[in-house]
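Q: I am new to this structure and would be grateful for a close look at its aromatic rings and what surrounds them.

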Amino acid sequence: MKIAILGYGIVGSGVAEVLKVNAAQIAKKAGESIEVKYILDLKDFSGDPMKSFFVKNFELIEGDPEVQTVVESIGGETIAYDFAKRAILAGKNVVTPNKALIAAHGAELLALAKERGVHVLFEASVGGGIPLIRPYNGAILTDELQEIAGILNGTSNYILTQMHQNGTSYAAALKSAQELGYAEADPTADVGGFDACRKLSILLSLATGKTADYTNIKTEGIERIDTADFAFAAAFGYTLKQLATAKIRKEGAEAITAPFLLKIGHPMSTVSDVYNALWAQAKTTGSVMFYGSGAGKLPTASAVVSNLVDVALGTHAAHEWTKENVKILPAAEYVTRKIVRVSCSDPAAITAKATKTLPQYPGFVAWITEPETEAQTASALKGLKVERVLRIYETT
């Protein structure tokens with residue numbers, strides 16, 4: 001099987017490397033060799049061992065009938081969308097790790113691929129190297145998904161781990177993540193929750209069969225979290241994680257990506273560093289969890305190559321959802337318990353509510369609210385100097 005790789009960045013170069021290093025094993029599993037015919041990139045790679053495969057015109061790939069599949073690893077939603085759509089129209093399969101592309105244009109590309117008799121596969125778009133999409137999609141074909149919650153961004157999880165385990169400040173933990181290559185120079189997509197939100201959108205779209213518009217999902221980042229938050233959380237028996245969550249109701253879906261307090265002992269409470277996890281609750285299957293390396297060049301590339309093997313064997317389950325939007329319920333109406341931390345010079349003044357004070361944080365007190373909406377919490381806190389309100393994640 002001849003393929004073309006679009007974009008020779010971290011993932012694209014990783015795919016070429018995995019195909020080369022594991023060529024014999026891949027051919028045995030796929031029943032045929034999988035060979036790179038073209039690599040599309042505008043940059044100069046004259047010193048690269050793969051230099052003879054580089055081209056700069058997509059039209060060459062588009063018009064070559066030998067190329068059965070393209071690996072789209074350019075990223076983003078513009079050029080990637082154009083090339084993916086043109087590849088499908090030319091009768092080629094598309095394999096991509098691009099969560100932005102699938103979240104924004106998945107319904108259209110999947111429908112077009114079905115019409116043209118080809119496939120769009122995106123195993124690496126959620127969870128990086130975790131083989132997640134295939135078993136997740138297979139399970140929900142025969143069951144009714146009720147709830148999902150995931151640690152879906154390795155960068156933010158690494159930062160929170162450093163703050164929790166080492167008492168590192170947010171700024172120092174972010175700097176460490178950047179130095180280790182976990183975070184970009186502009187880390188907004190990761191620490192702001194936007195990357196995880198797009199992954200949640202894909203999972204919710206698969207579960208409901210409709211498009212979960214990520215722009216309708218309330219998204220909050222970890223930028224304001226400080227070490228005191230971890231101390232107060234621990235005092236109540238919780239840890240703090242950035243979660244992408246969705247609870248599927250008859251009237252729609254409650255979906256939010258934000259820092260949550262997670263009960264110590266929950267399967268995801270010990271997921272640390274750059275690892276990812278997805279916990280799911282289904283009507284008959286019950287609870288399941290997927291766990292593994294959520295990022296990294298070779299783990300992500302291996303997930304892409306597994307999809308190439310799927311194409312060769314024709315054994316993958318069909319992915320499909322419509323352009324109709326699943327209703328995302330207003331976040332202000334979600335009912336949760338919360339840990340509230342307030343600042344006051346006289347803690348005794350609010351002892352009716354306050355249940356925890358920590359000696360190392362004088363002048364701060366905290367308590368857990370009753371299950372209530374955001375509006376109810378805000379009303380109850382009027383007149384208090386609120387330092388932090390953090391939602392508690394609890395299963396229904």
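Over which ring does the charged end of K263 sit, and how far is the charged end from the ring centre?

A: The model discussed here is a predicted one. In it, the charged end of K263 is placed over the ring of Y238, and the distance to the centre of that ring is 4.6 Å. A second case involves R341, which lies over the face of F364 at 5.4 Å from the ring centre.

Rings also pair with one another. Counting rings whose centres lie within 6.5 Å, the model contains nine aromatic pairs. One of these is formed by F232 and Y361, whose centres are 6.0 Å apart and whose planes stand at 40°, a tilted arrangement. This pair links distant parts of the chain, for its two members are 129 residues apart. F232 belongs to helix α11 (residues 227-235), while Y361 is found in the loop between β14 (356-357) and β15 (364-368). Their surroundings may be described in turn. F232 has a relative accessible area of 2% and is therefore buried, since buried means under 20%. Y361, at 22% relative accessibility, counts as partly exposed.

Another pair joins Y275 and Y291. Here the ring centres are 5.4 Å apart and the planes meet at 10°, so the pair is stacked; the limit for stacking is an angle under 30 degrees. Y275 lies in strand β11 (residues 275-282) and Y291 in strand β12 (residues 286-293), so this pair ties together parts that are 16 residues apart in sequence. Y275 is partly exposed, with a relative accessible area of 36%, and Y291 is likewise partly exposed, at 46%.

Rings can also be joined into groups: ring pairs link Y8, F45 and F54 into a cluster.

The axes of helix α4 (residues 79-89) and helix α5 (residues 99-116) come within 9 Å and cross at roughly 10°. The two helices are therefore roughly parallel to each other, as angles under 35 degrees are counted in that way. On the α4 side, the residues in contact are A80, Y81, A84, K85, I88 and L89. They meet L101, H105, E108, L109, L112, A113 and R116 in α5. By class, this contact comprises nine nonpolar residues, one polar residue and three charged residues.

Notes. Residues numbered from 1 in each chain as written. Predicted model: local features only at pLDDT ≥ 70, side-chain atom pairs only at ≥ 80, totals over all residues. Heavy atoms only, no water. Phe/Tyr/Trp six-rings, centres within 6.5 Å; stacked < 30°, edge-to-face > 60°. Helix = DSSP H or I, 4+ residues; strand = E, 2+ residues; numbered from the N terminus. Buried < 20%, exposed > 50% of the residue type's maximum accessible area, 1.4 Å probe, protein only. Lys NZ or Arg CZ within 6 Å of the ring centre and 35° of its normal. Axes fitted to C-alpha atoms, helices over the stretch in contact; angles between N-to-C directions. Parallel < 35°, antiparallel > 145°, perpendicular 65-115°, else oblique. Contact = heavy atoms within 4.5 Å. Nonpolar A, V, L, I, M, F, W, Y, C, P; charged D, E, K, R; others polar.
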